[in-house]
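Open the model in your viewer and keep the sequence panel beside it. This tour tells you what to select at each stop and what you will find there.

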Amino acid sequence: MKTKQLLFALLLVFPFAVQAGNVPEAVTKAFAKKYPAVAETSVKWETEDKNFEAEFKTSEGKEISAVFKADGTLLTTEEEIETSALPAAIAEHITKNCATPVIRKAEVIKDASGKIKQYEVEACGKEELLFDASGQLAK
């Protein structure tokens, strides 16, 4: 019984891959409108809760993910950025609090309107440190 409960909980929490043919048409149309230069065959789709996440690379090699509701509404985007584009407060936090103050990867998370919600950083031996839009560590 506990095994079944654990498996069910894991399925709810972790995203899993979905074939492009199983993504609602409203989502694929919204994606194509937002990212017309991206070939549909280069997109990796996952489900996240009841939403659909498209992961892809731009022609410049930047990694981007976009999360859509089943009706095609864009919720958020997450885009790889240069570490120099991070707010100074993030670099200061990493320098003060990490034994090895090296930022390996940085991403910006924006809402559908393009407003920055958070920054996600790989540093301090951790894969994911979240900071708010002003550069303060998210609790």
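## The whole chain

Read along the sequence, the chain runs α-β-α-β-β-β-β-α-β-β-β. That makes 3 helices and 8 strands. Keep in mind that this is a predicted model. Colour the chain by burial next. Of its 139 residues, 31% are buried. Now think about contacts. Among contacts with a separation of 6 or more, 38% are between residues 24 or more positions apart.

## Stop 1: helix H2

Select residues 25–34, which form helix H2. Which residues of this helix are buried? They are Val-27, Thr-28, Ala-30 and Phe-31. Look down the axis of H2. The buried residues fall within an arc of 160°, so they line one face of the helix. An α-helix has 3.6 residues a turn, so residues three or four places apart point the same way.

Now turn to the other side of H2. Glu-25, Lys-29 and Lys-33 are exposed there. What covers the buried residues of H2? The cover includes strands E2, E3 and E4.

## Stop 2: the largest pocket

Select Glu-53, Ser-65, Glu-78, Glu-107 and Glu-120. Of the 25 residues that line the largest pocket, these are the closest to its centre. The space in this pocket is about 650 Å³.

Which strands supply at least two residues each to the lining? Select them one by one:

- E2 (44–48)
- E3 (51–57)
- E4 (63–68)
- E5 (74–81)
- E6 (103–111)
- E7 (116–123)
- E8 (126–132)

Strand E7 gives the largest share, 5 residues. Then colour the lining by class. It has 15 charged, 7 nonpolar and 3 polar residues.

## Stop 3: Glu-107

Stay at the pocket and select Glu-107, one of the residues closest to its centre. Glu-107 lies in strand E6. Is Glu-107 buried or exposed? Its relative accessible area is 9%. The cut-off for buried is under 20%, so Glu-107 counts as buried.

Show what Glu-107 touches, leaving out residues up to four places away in sequence. You will find Glu-78, Glu-79, Glu-80, Ile-81, Gln-118, Tyr-119 and Glu-120. Among them, Glu-78 and Glu-120 were also in your pocket selection.

## Stop 4

Ile-81 is in strand E5. Its relative accessibility is 17%, and it counts as buried. Leaving out residues up to four places away in sequence, Ile-81 touches Leu-86, Ala-106, Glu-107, Val-108 and Tyr-119. Draw a distance from Ile-81 to Glu-120, C-alpha to C-alpha. The two are 10.0 Å apart in space and 39 residues apart in sequence.

Next, select Ser-84. It sits in the loop between E5 and H3. At 69% relative accessibility, Ser-84 is exposed.

## Stop 4: the disulfide

Select Cys-98 and Cys-124. A disulfide joins them, with 1.4 Å from S to S. The count for this model is 1 disulfide. A disulfide is a covalent bond between the sulfur atoms of two cysteines.

What does the pair tie together? Cys-98 lies in the loop between helix H3 (88–97) and E6, and Cys-124 in the loop between E7 and E8, so the bond links parts 26 residues apart in sequence. Compare their burial. Cys-98 is buried, at 8% relative accessible area. Cys-124 is partly exposed, at 27%.

## Stop 6

Keep Cys-124 selected. Its phi is positive, about 60°, although it is not a glycine. Most residues other than glycine have a negative phi.

Finish at Asp-49. It also is not a glycine, and its phi is positive, about 60°. Asp-49 is in the loop between E2 and E3. Is Asp-49 buried or exposed? It is exposed, with a relative accessible area of 64%.

Key: Residues numbered from 1 in each chain as written. Predicted model: local features only at pLDDT ≥ 70, side-chain atom pairs only at ≥ 80, totals over all residues. Heavy atoms only, no water. 1 Å grid on protein atoms, 1.4 Å probe; cavity = no way out; pocket = protein on both sides within 12 Å on 5 of 7 lines; lining within 4 Å. Points joined across faces, edges and corners; volume = space filled by probe spheres on them. Helix = DSSP H or I, 4+ residues; strand = E, 2+ residues; numbered from the N terminus. Nonpolar A, V, L, I, M, F, W, Y, C, P; charged D, E, K, R; others polar. Disulfide = S-S within 2.5 Å. Buried < 20%, exposed > 50% of the residue type's maximum accessible area, 1.4 Å probe, protein only. Arc of directions from axis to C-beta. Contact = heavy atoms within 4.5 Å.
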